Amino acid sequence: MARNRTNLAWMVALGWGLGAALIGWSEAEAQSADCQRYDQHRDSYLQGVSAGMEQQLRAMAAQRRVPVQTAAFYWGGTLLEAGDTRALAQLTLATARWPGQAERAERAMTRISDEHHGDLAALLAGLMLSDGRAVDDPYRARAYLTDASRRGNQDATAFLGLFDACHARRVALN
């Protein structure tokens, strides 16, 4: 009788362990799918926002017969003087894809958000801080997404849900 109880106890323990392992595996698989979805939407959104500005920047540089970097520098100054933080955020994002410029663009985007309180700049800063191009900082990324959402940016609200589904467990473990 004791042997049967021991076997029963081992079988119950094994069943619980196997069940827990399967639940953990399915949670990890679901989180992986959430992260892939977040990455795809983030990359698509960043590309969509920067594509139009990149075209305008190239056209401006060609019209004035100056390098694209020069056109971006002067146009950025003009936008800053005019207080057009939305266009400045788009211009900053367009320059982020230039070789060696990702970290500079992240710093500039966070500065635009912090100093000028632009909702688009806060959203883009949050997305850029989680795109793997320069410094990835999930805590700051979530803070900027939350800030943009509180400022009324509906895209930020949607991205915040995707971000949390992907990063909540990872951030909690840090």
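Q: Helices (H or I, at least four residues) and strands (E, at least two) are DSSP runs, numbered from the N terminus. Which helix holds Ser-50?
A: This is a predicted model, where local features need pLDDT of at least 70, side-chain atom pairs count only at pLDDT 80 or more, and totals for chains, interfaces and linings use all residues. Residues are numbered from 1 along each chain as its sequence is written, and side-chain values use heavy atoms, leaving out hydrogens and water. Residues 2-64 form the helix that includes Ser-50, namely helix 1.

Q: Is Ser-50 buried or exposed?
A: Buried means under 20% relative accessible area, exposed over 50%, partly exposed in between (1.4 Å probe, protein chains only). The relative accessible area of Ser-50 is 0%, so this residue is buried.

Q: Which residues does Ser-50 contact, apart from neighbours within four places in sequence?
A: Contact means heavy atoms within 4.5 Å. With those neighbours left aside, the partners of Ser-50 are Leu-93, Ala-94 and Arg-97.

Q: How far apart are the end C-alpha atoms of helix 6?
A: Helix 6 covers residues 138-150, which is 13 residues. The expected span is 1.5 Å times one less than the number of residues. That gives 18 Å for helix 6, and the distance between its end C-alpha atoms agrees, at 18 Å.

Q: Which residue just after helix 6 takes a positive phi?
A: Helix 6 itself has buried residues, among them Tyr-144 and Leu-145. Just after this helix, a positive phi of about 100 degrees is taken by Gly-152.
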